Amino acid sequence: MRHEHPRFTPLRKLPALMAPLACLALAGTASAMKPAASTIQLNQLGFLPGSAKVAVVPDGAARTFAIVKAGTGTVVQSGTLAPATASPESGDKVRLASFTSLATPGRYQVRVAGLPDSAPFEVDPGVLQAVNAASIKAFYFNRTAIALDERHAGVFKRPAGHADTRVLVHASAASPARPAGSAISSPKGWYDAGDYNKYIVNSGITTYTLLAAWEDFPGVFKAQDLNIPESGNALPDLLDEALWNLEWMLTMQDPADGGVYHKLTNLRFDGMVMPHQATQPRYVVQKTTAAALNFAAVMATASRVFAPYEQQLPGMAARMLAASKAAWQWAQAHPRVYYQQPKDVATGEYGDKDVSNEFGWAAAELFITTGDAAYYRAMNAPALQASVPSWAEVRGLAWMSLARHRGKLAAAADQALVASRIDQLSASLAAGWKASAYGIPMRPADYVWGSSAVALNQAMVLLHGYRLTGKRDYLDAAQAGLDYVLGRNAVGLSFVTGFGARTPQHPHHRPSEADGVAAPVPGWLVGGPQPAQQDAKDCPAPYPSALPALSYLDHACSYASNEVAINWNAPLVYVSAGVQALTPGAAK
């Protein structure tokens with residue numbers, strides 16, 4: 001990920017809230033950052049009536065639990081705790097309380113003798129709507145080249161930053177038509193993470209995941225009003241937001257040869273300032289094979305998503321497909337041009353020296369969109385395994401797209417192979433879910449940089465597995481991944497800003513620290529626990545633990561556990577939509 005080493009004194013923040021369900025955070029203000037030991041952990045927002053419902057209870061003398069109405073304490077259900085299981089990643093022993101049969105809408109708590117009652121949670125058909133909307137609107141809050149006005153941004157309004165209409169060509173990106181020091185226009189797009197730069201590789205998986213959410217669950221988004229400047233136009237708001245970044249990505253392709261610049265960046269990271277206060281010169285840096293292939297995959301996907309909107313966006317779908325094919329051709333001619341950080345550049349690298357998975361993904365998307373069997377052959381499907389997606393490992397995206405469109409694939413596609421790739425990966429994740437002390441698919445090795453997104457990308461795979469096979473275990477395991485990021489974890493924190501009884505207050509996110517507003521920008525998923533603690537030397541506060549599931553620091557210094565990133569938020573959009581759409585009894 002970004003190996004950033006900021007040095008600053010963060011601003012003090014207090015909790016404040018924006019979306020309707022985020023009001024739960026007020027209950028946790030006074031004790032928001034106390035250790036989670038000896039407390040009941042669960043999804044702090046709540047559950048759809050038809051979903052699996054599980055809480056994690058510290059092992060003790062109790063063997064039973066009760067579900068009580070919040071506020072009155074009236075017992076509505078009781079049950080037996082599962083046997084105690086040790087959790088090596090968090091160093092504790094816990095028991096699971098399962099109350100899936102609780103389907104009556106209301107506000108409840110879990111009660112266990114000898115422990116404080118759990119945070120209140122809702123059972124309601126609309127329980128995930130607000131967090132889904134906020135997870136998308138977080139992208140609006142990270143837009144470049146536009147002022148965020150009060151009507152759409154509320155207290156998070158700010159002047160425009162980084163117009164990027166005069167971006168310099170770095171020496172590493174120079175070509176005869178665009179020599180070093182010449183200028184191009186490359187506006188729009190999203191700030192990548194806590195920093196103010198823009199990276200094609202990370203934009204690839206991010207934008208794809210938003211488009212995939214639309215392709216899989218359009219009913220969740222068709223009538224959604226995010227209160228963004230484009231709301232009310234002829235496009236769904238999710239596609240409006242994705243288009244803001246797609247239009248930037250198109251500017252990153254060199255029209256002379258189809259190659260794609262790896263990133264648009266300062267030479268150094270900005271300080272902890274607002275976007276309009278960050279005025280360093282900006283550069284496009286080096287064309288790479290990884291950038292070209294990410295670009296080709298996403299533009300092929302976008303061309304089919306936007307094809308029905310030809311009247312609203314004349315020629316856009318065709319332009320995207322042509323851009324995709326040109327980038328593919330460049331990558332075919334330049335198959336091993338890996339990113340090499342120039343000596344005068346010190347921002348995020350997103351370096352990747354194995355692009356075989358990117359070739360497979362781009363070929364799959366072009367095959368789906370065009371039906372040309374040559375792309376399927378180029379994918380080399382028998383050799384391409386499926387894995388949980390990340391920015392550097394996108395093989396799984398190819399298989400999810402093929403599974404999504406399996407009914408329309410040309411005859412060249414091996415339908416049985418498509419199904420087996422998704423089912424086998426889902427089965428492996430479900431096995432981890434069954435073995436986990438916390439009842440989640442996460443295993444000790446999954447607590448890496450951006451572990452929260454690992455949980456959600458696992459859930460995204462599992463939702464595909466459920467759609468493909470109808471195996472309920474896959475849906476319940478996906479629900480558990482969502483539960484994990486919303487509070488069912490060893491830290492006892494909802495990792496989404498503004499949503500839950502205990503939420504991050506100091507994400508490593510420049511606007512959240514520099515805007516003078518007490519609350520962080522809502523709807524952002526923070527990176528989450530991971531034991532490497534690359535930022536420990538830069539943080540005045542120590543990490544509370546070195547154990548993988550507890551190695552988390554809610555401090556703006558902590559880019560290794562508390563940064564936000566667009567590629568982490570995208571699976572939150574997908575999973576919160578997919579759980580709504582696929583849970584039995586939910587509105588479709």
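Analyst: Strand β9, which covers residues 167–169, pairs with β10 in the antiparallel sense over 2 bridges. Two strands are said to pair if DSSP finds at least two bridges between them. Helices (H or I, at least four residues) and strands (E, at least two) are DSSP runs, numbered from the N terminus. Within this pairing, Val 167 has Ile 184 of β10 opposite.

The model is predicted, with local features requiring pLDDT of at least 70 and side-chain atom pairs counting only at pLDDT 80 or more, whereas totals for chains, interfaces and linings use all residues. Residues are numbered from 1 along each chain as its sequence is written, and side-chain values use heavy atoms, with hydrogens and water left out.

The two strands belong to an open sheet of 5 strands with mixed pairing, in the order β10-β9-β13-β12-β11. At its edges stand β10 (183–184) and β11 (198–199); each has a single partner strand, so one side of each is left without a neighbour in the sheet. In general, strands of a sheet pair through backbone hydrogen bonds, either parallel or antiparallel.

Further pairings involve strand β3. This strand (residues 64–69) runs antiparallel to strand β4 (residues 75–80), and 5 bridges join them. Val 68 faces Val 75 of β4 across this pairing, standing opposite that residue. The two strands form a hairpin with 5 residues between them, and Gly 71 in the turn has a positive phi of about 95 degrees. β3 is also joined, by 4 bridges, to strand β7 (residues 106–111), again antiparallel. Here Lys 69 has Tyr 108 in β7 as its bridge partner. Tyr 108 also belongs to one aromatic cluster with Phe 47, Phe 99 and Phe 121.

Rings of Phe, Tyr and Trp (its six-membered ring) pair if their centres lie within 6.5 Å; planes under 30 degrees apart count as stacked, over 60 as edge-to-face and the rest as tilted. One of the pairs, Tyr 191 with Tyr 196, is tilted, at 4.7 Å centre to centre and 55 degrees between the planes. Tyr 191 is buried, its relative accessible area being 0%, and Tyr 196 counts as buried at 2%. Buried means under 20% relative accessible area, exposed over 50%, and partly exposed in between (1.4 Å probe, protein chains only).

Tyr 447 and Tyr 484 form an edge-to-face pair, with 6.4 Å from centre to centre and 70 degrees between the planes. That pair links distant parts of the chain, 37 residues apart: Tyr 447 is in the loop between α11 (415–435) and α12, and Tyr 484 is in helix α13 (residues 472–485). Both Tyr 447 and Tyr 484 are buried.

Beyond its neighbours within four places in sequence, Ser 452 is in contact with Tyr 484, Val 485, Phe 495, Leu 525, Val 526, Gly 527 and Gly 528; contact means heavy atoms within 4.5 Å. A polar atom of the Ser 452 side chain lies 3.0 Å from the backbone oxygen of Val 526. With 0% relative accessibility, Ser 452 counts as buried.

The structure holds 21 salt bridges, where a salt bridge is a side-chain nitrogen of Lys or Arg within 4 Å of a carboxyl oxygen of Asp or Glu. One of them joins Arg 404 and Glu 215 at 3.6 Å, N to O. The partners lie 189 residues apart, Arg 404 in helix α10 (residues 395–404) and Glu 215 in helix α3 (residues 200–216). Arg 404 also meets Asp 216 in a salt bridge, at 2.7 Å, N to O. This pair likewise links distant parts of the chain, 188 residues apart, with Asp 216 in helix α3 and Arg 404 in helix α10. Asp 216 and Arg 404 are both buried. Salt bridges with shared partners join Glu 215, Asp 216, Arg 304, Glu 365, Arg 404 and Arg 467 into one network. A further salt bridge forms between Asp 483 and Arg 488, whose closest N and O atoms are 2.9 Å apart, and both of these residues are buried.

Terms used:
A polar contact is a pair of N or O atoms within 3.5 Å; within protein, one must be able to donate a hydrogen and the other to accept it, and residues adjacent in sequence count only if both atoms are side-chain atoms.
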